[in-house]
Amino acid sequence: MDDRFPDFRLGKVLATSFTATLTERRGDAVERIPVPRRLVDWLAVSGLGVESCTTAQLELARELRESIHAVLTAAASQKDLPASAVQVINDCSAQGRAAAILTPEGNRQWRLSSASCVEDALGVIAADAISIVAGERDGKLALCASPTCRAAFFDTSQSRSRKWCEMNTCGNRQKKARFLANKRP
């Protein structure tokens with residue numbers, strides 16, 4: 001991977017990890033897939049390896065990412081889902097031709113229709129977002145408590161009371177700020 005770009009924020013939930021390729025949305029935004037090669041890298045570490053990506057495919061990926069973010073944010077806030085974002089997710093899901101396969105170890109893996117089919121990979125991500133919003137997975141949608149982040153995340157903790165999208169980033173920043181505020185005279 002290229003050290004010139006910020007590290008990926010990877011979680012256990014594909015759709016929310018994908019939306020985390022743009023972080024600090026309400027602060028100084030950090031784009032983690034600024035070029036097509038970085039999308040190829042992110043897809044590879046997410047189990048959806050493709051050989052290449054065009055600029056047009058990167059733009060489609062970003063459109064899907066923002067649509068998923070808008071839908072997850074609305075769902076977490078119990079608001080109406082934005083119709084245009086729902087349409088983008090549905091279109092990407094319908095265009096993908098990936099197949100779930102079972103590995104000898106008993107794990108699910110995705111087989112894309114060709115080694116360079118970014119659209120198949122995006123279809124898998126869109127389908128994951130659909131399963132989250134439709135309530136098909138055990139967990140709860142929530143929004144990060146960080147005022148500069150506000151990322152939608154899928155809380156699978158036992159108590160379903162997580163406050164931050166990631167404890168190592170947003171959570172630590174908030175705790176540090178609170179600690180420093182309490183130390184000031």
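**Close-up views of a predicted model**

**View 1. Helix H4 has an exposed side and a buried side.** The buried residues pack against helix H3 (55–76) and helix H5 (118–133). Helices are DSSP runs (H or I, at least four residues), numbered from the N terminus. This is a predicted model: local features need pLDDT of at least 70, side-chain atom pairs count only at pLDDT 80 or more, and totals for chains, interfaces and linings use all residues. Residues are numbered from 1 along each chain as its sequence is written, and side-chain values use heavy atoms, without hydrogens or water.

**View 2. H3 packs with H5.** The angle is about 0°, and the axes, lines fitted to C-alpha atoms over the stretch in contact, are 11 Å apart. Angles run from 0 to 180 degrees between N-to-C directions. That makes H3 roughly parallel (under 35 degrees) to H5. Contact (heavy atoms within 4.5 Å) involves residues including Leu60, Leu64 and Ile68 of H3 and Leu122, Ile125 and Ala129 of H5.

**View 3. Lys12 sits in the segment before helix H1 (14–19).** Lys12 is exposed, with a relative accessible area of 85%. Thr156 is 144 residues from Lys12 in sequence, yet the two are 9.6 Å apart in space, C-alpha to C-alpha.

Technical notes:
Buried means under 20% relative accessible area, exposed over 50%, partly exposed in between (1.4 Å probe, protein chains only). Helices (H or I, at least four residues) and strands (E, at least two) are DSSP runs, numbered from the N terminus. Angles under 35 degrees count as roughly parallel, over 145 as roughly antiparallel, 65 to 115 as roughly perpendicular and the rest as oblique.
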